[in-house]
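Student: I'd like to learn how to read a few features off a model. Can we go through one together?

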Amino acid sequence: MLDSLYGYWLPPDISTHGYQVDRLINVIHWFMGAIFVGWGIFFTYCLIRFRARPGHRASHQLPKAKASKWSEVCVAAFEAVLLIGFSMPVWAQIKNEFPTEEQKPLHLRIVAEQFAWNFHYPGADGEFGRTAPELMAADNLIGLDYDDPAAADDLVTNNDLRIPVDRPIICDLTSKDVIHSFWIPVMRIKQDVIPGMKIPIWFQATQTGDYQVACAQLCGNNHYNMKGDLTVYSAAEFEAWYADMAGGDDEEEEEEDE
Ligand SMILES: [Cu+2]
């Protein structure tokens, strides 16, 4: 099913902001195609018109043609429109205009490592438990402090991101080792993940279904294999899964306390 999703052109877009990214990509491709054809015709014309012929000498002086000057002005002006009119608004929306708490966003922490994505959900209390590098272990990949009361209902998944549809998701991205890049192609979101930094991103899904999370930064030998499942649930499905998972690991915690 995933194969058919990621076809020959852009993958499907299931995000609220993605149409703006796609529009920009499409406009740029049509524009570059037009320039390619235009320059190609001009180049071919020059090859024939100015070919070496007996009795003709090459002039190395730059011509002062109005047409070429204006075509370059037009190209520069159009590029300015692309940048100011199309790129900057969507960039601002994704980078600066975060959803407010009234929109009931779901907050997540995402911890990248070679070669996996860890997702930290705060649980019913909405508060993330403390994490510390010295607590990291094979069975505690993000170093969650289970003695912290806020950690009691926290949920941590590995390469398994599940989110509700039609609700903003705000993620704080960080990395345990090297630079990774958090990428959800169908969500039109991609952000470098830097060790020692906390970088927030947000997105909102418009459709339920199964998709993929990838790493877009060459981060080591198994970079190609650094991928996770993305499941977009309906609001009710998500609540059921979340309550089930976040409330269901009490026994495990007791074991760890011993
Ligand atoms: Cu990576």
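Student: Let's start with Arg188: is it buried or exposed?

Tutor: Keep in mind that this is a predicted model. Buried means under 20% relative accessible area. Arg188 has a relative accessible area of 13%, so it is buried. You'll find Arg188 in the loop between β6 (180-184) and β7.

Student: What is phi of Arg188 near?

Tutor: Here's the general idea: most residues other than glycine have a negative phi. Arg188 has a positive value, near 55°. Asn159 is another case, with a positive phi of about 55° although it is not a glycine. Asn159 sits in the loop between β3 (155-158) and β4 (160-164), and it counts as buried because its relative accessibility is 18%.

Student: Now peptide bonds. Which residues does a cis peptide bond join?

Tutor: Most peptide bonds are trans. In this model, Gln114 and Phe115 are joined by a cis one, with omega about 0°. Phe115 belongs to the loop between β1 (106-113) and β2.

Student: And β2 itself? Where does Asn118 lie, and why does it count as buried?

Tutor: Asn118 is in strand β2, which covers residues 116-121. Its relative accessibility is 0%, so Asn118 counts as buried.

Student: Which side chain does the side chain of Asn118 make a polar contact with?

Tutor: That of Glu113, at 2.8 Å. Leaving out residues up to four places away in sequence, Asn118 also touches others, among them Arg109, Ile110, Leu141, Ile142, Thr157 and Asn158.

Student: Where does α3 bend?

Tutor: At Ser87, by about 40°. A proline, Pro89, follows within four residues.

Student: Which residues of α3 are buried, and what covers them?

Tutor: The buried ones are Leu82, Ser87, Val90, Ala92 and Ile94. Notice that Ser87, where the bend is, is on that list. What covers these buried residues includes α2 (18-49), β7 (189-193) and β8 (199-203).

Key: Residues are numbered from 1 along each chain as its sequence is written. This is a predicted model: local features need pLDDT of at least 70, side-chain atom pairs count only at pLDDT 80 or more; totals for chains, interfaces and linings use all residues. Side-chain values use heavy atoms; hydrogens and water are left out. Helices (H or I, at least four residues) and strands (E, at least two) are DSSP runs, numbered from the N terminus. Buried means under 20% relative accessible area, exposed over 50%, partly exposed in between (1.4 Å probe, protein chains only). A polar contact is a pair of N or O atoms within 3.5 Å; within protein, one must be able to donate a hydrogen and the other to accept it, and residues adjacent in sequence count only if both atoms are side-chain atoms. Contact means heavy atoms within 4.5 Å. The bend at a residue is the angle between axes fitted to the seven residues ending there and the seven starting there.
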